[in-house]
Structure formats: C-alpha cells, structure tokens
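Open the structure in your viewer and get ready to click along. We will stop at a few side chains and then move on to a sheet.

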Amino acid sequence: MTVSVEPTTAEPNPNHPPQALRPHAEHAFADELAALAAQDDRPRPARWRLSPWAVATYLLGGTLPDGTVITPKYVGPRRIVEVAVTTLATDRALLLLGVPGTAKTWVSEHLAAAVSGDSTLLVQGTAGTPEEAVRYGWNYAQLLAHGPSRDALVPSPVMRAMAEGMTARVEELTRIPADVQDTLITILSEKTLPIPELGEETQAVRGFNLIATANDRDRGVNDLSSALRRRFNTVVLPLPASAEAEVDIVTRRVEQLGRSLDLPAAPDGLDEIRRVVTVFRELRDGLTADGRTKLKSPSGTLSTAEAISVVTNGLALAAHFGDGVLRAGDVAAGLLGAVVRDPAADRVIWQEYLETVVRERDGWTDFYRACREVSV
C-alpha cells in the first residue's frame, strides 16, 4: 500500500519577519551607527546623522570612549576616506574611481548610510539606464486621466534626495549612455532639477549630495564628458597595497558573509586565504611575490572582491560537502573559474603558472594537486 503525504508549507510568523540575505548597511550596522551618534559631539553638516569625524570612524573603525568597538568597513589609506567625507560636506559631488573590485560600491553604500541613514536612494547604471532613472518619470495611468501633475510624476532616487536633503548614489556611472550621464550636469552645478512639463523645478535642499562610482577598465564603458567630470571631486580607490592588507580584507568579508549564510567559521582557513590572495596578486601584477619570475596576466581583473567570492564558495563546499575545514580542494574550482575567463588564452597562462610557480613552491603540494585536478 502506498501512503501519500501532502507537502506542508510553514506559515510565516508575522512577529518574526524573514531576515534579509544582505541587509542594507544602515540596518546591518545599526548598533554601531547608534553608538557613534550617541557619543558624537562634533559639528554636523545640515541633515547629517553624524559628524565628518564620526563618518570616517565608522568606515575606518576604532574604539569609542565607552569601549564600543567600531569595525572597519574599509581597509586602506585614511586620507582617502577623509577626502571623500570632506567632499560630501561641501557642494561638490563625489566620484569614487577605481578598477573593479576596489570596494567602490561598498564605500559608497557605507558613506550614504553614515551620512543620511539611508543608502537606498540608488540608480544602478547600465547600458539601458534611461533618463527617467536620473530625473523623473510618469505614472501613465494618472497622466492619461488627469494630464501632467505632481500626482502623476514619479521622482527618481536623485530627485527624492534633492527634495529631502539626502545622499543619492549612482553606481557604474560610466556604463550609462553619455547623453543620460549629462542629465546630471544641471543637477550638480545648479542644484536644481527643472520640470518643464509642469513649469516647475525641484531645488536641492541643504544636505543633498551625490556619490557616483565608475571604472574605466571593463568593456562597455562610456567616458564622462569633461563638463560632467568637472562637477565631481574624484577619489581613486587603489588596490590593497600589500598582501597582508588584502588577506585582512578577504578574511573580514568572508567572516561577515559566512555569518549571513549561516556557514560555520573555518578555523584553519587563513592558510588557504593567503594562497588565494597570493595567486591573485602575482597574476594581477605579472610578477611573483619574490620578484624573481615574470608572469603573463590573464584577461580577468582578479580583484579582491573575486578573491572573497572564491573563498566564500570554498567555505560553503567545506561546510556542506566536507568536514568544515577549508582546504585547497575547496578553493581550487572557484580559483580556476576566476582566472580562466578566456578559455583559450587564460587556460595556457594558468597552466604555465601552475607548472612553473605553484609546483615548485614549498608547502604548496596539496594546492598544486587540487588545482591540477580541476584543470584537466
């Protein structure tokens, strides 16, 4: 006799809303922001939640007088963060420029969270981003029924930020078509957004500013016009200066991601993180760490963000299909996928690196074998 069991679905508990996979910065670090606000007695620009000093402390980390530890969100030169924060305190917009994986989006989000308490006023730049995403659009049902009116107007995140004195964000500015990019010129220079259909305008109130991110390395990039570039103060975010700094960044982010995904901590994972970072840096720089051997660089960027992804994926493999200890075999497949983007050219570069560098390196035999196994 066959007994069928009807599947059951657990009813959601309204008292326990589902946890976001990736909370916004102002939610994920709400306790730190609240602690900073409570002890921040320095002058704050109009509508800022924190003083410039406290915003910089939030990003760079530190210990408050009451012993509260503020975790670093950005590991890099302090002056870069100070210049970025100072720019937002003026009437100049901020452009975070750098190669992919230098934490531009991460820094942008945390700056907006610390300054305005809201990082969600965001325009995501793509090749198909329309002008309405930067200026405003229309509710066409309202428009057809009643004609142009404020009720029919749909404000963009930038327009909302102007009206509320908040910080707007534009991600991947150089991916937006040039004619759409230039709609920002009047907004940034005149601090006003004309609405010709209504014979009105929206003027920016004090506290408004804009953070844009851009890189000039990937394909599909549209150069900024000189007129638009002049409206920004540009801060270049560099790649980590040393291997230790990059290992620190990867370790911190992997721990944060692991907690959000309920992955167990990898007690012995530091050695594999160092190996992944070493491989990325050597192939990225075209030179081994000891400076003795020149290497060919693959077509990919091999960014810190990709190293974080490789290690996080390896941690998941170790947790779900291993004994919970991060080993070479757990990161090898992800490493191959990150390095070999062009199957023809990059595979040759990778094989040459394995045979001439990894194979001969003391203590890397298990890593070499794991990489060879997934490379054949």
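This is a predicted model: local features need pLDDT of at least 70, side-chain atom pairs count only at pLDDT 80 or more; totals for chains, interfaces and linings use all residues.

Select Trp-364 and Arg-275: the charged end of Arg-275 sits over the ring of Trp-364, 5.6 Å from its centre.

Residues are numbered from 1 along each chain as its sequence is written, and side-chain values use heavy atoms, with hydrogens and water left out.

Rings of Phe, Tyr and Trp (its six-membered ring) pair if their centres lie within 6.5 Å; planes under 30 degrees apart count as stacked, over 60 as edge-to-face and the rest as tilted. Trp-364 is buried, with a relative accessible area of 10%, and Phe-367 is buried at 0%. Buried means under 20% relative accessible area, exposed over 50%, and partly exposed in between (1.4 Å probe, protein chains only).

How many aromatic pairs does the structure hold? There are four. Another one is Phe-29 with Tyr-58, edge-to-face at 6.3 Å centre to centre and 80 degrees between the planes. This pair links distant parts of the chain, 29 residues apart: Phe-29 is in the loop between α1 (25–28) and α2 (30–39), and Tyr-58 is in helix α3 (residues 52–60). Helices (H or I, at least four residues) and strands (E, at least two) are DSSP runs, numbered from the N terminus.

Next, switch to the cartoon view. Look for an open sheet of five strands in the order β4-β7-β10-β3-β11, with parallel pairing. Two strands pair if DSSP finds at least two bridges between them. At the edges stand β4 (122–124) and β11 (232–236), each with a single partner strand, so one side of each is left without a neighbour in the sheet.

Zoom in on β7 (residues 167–171) and β10 (residues 209–214), which run parallel and are joined by four bridges. Here Thr-167 stands opposite Asn-209 in β10.

Notes: A charge sits over a ring if NZ of Lys or CZ of Arg is within 6 Å of the ring centre and within 35 degrees of the ring normal.
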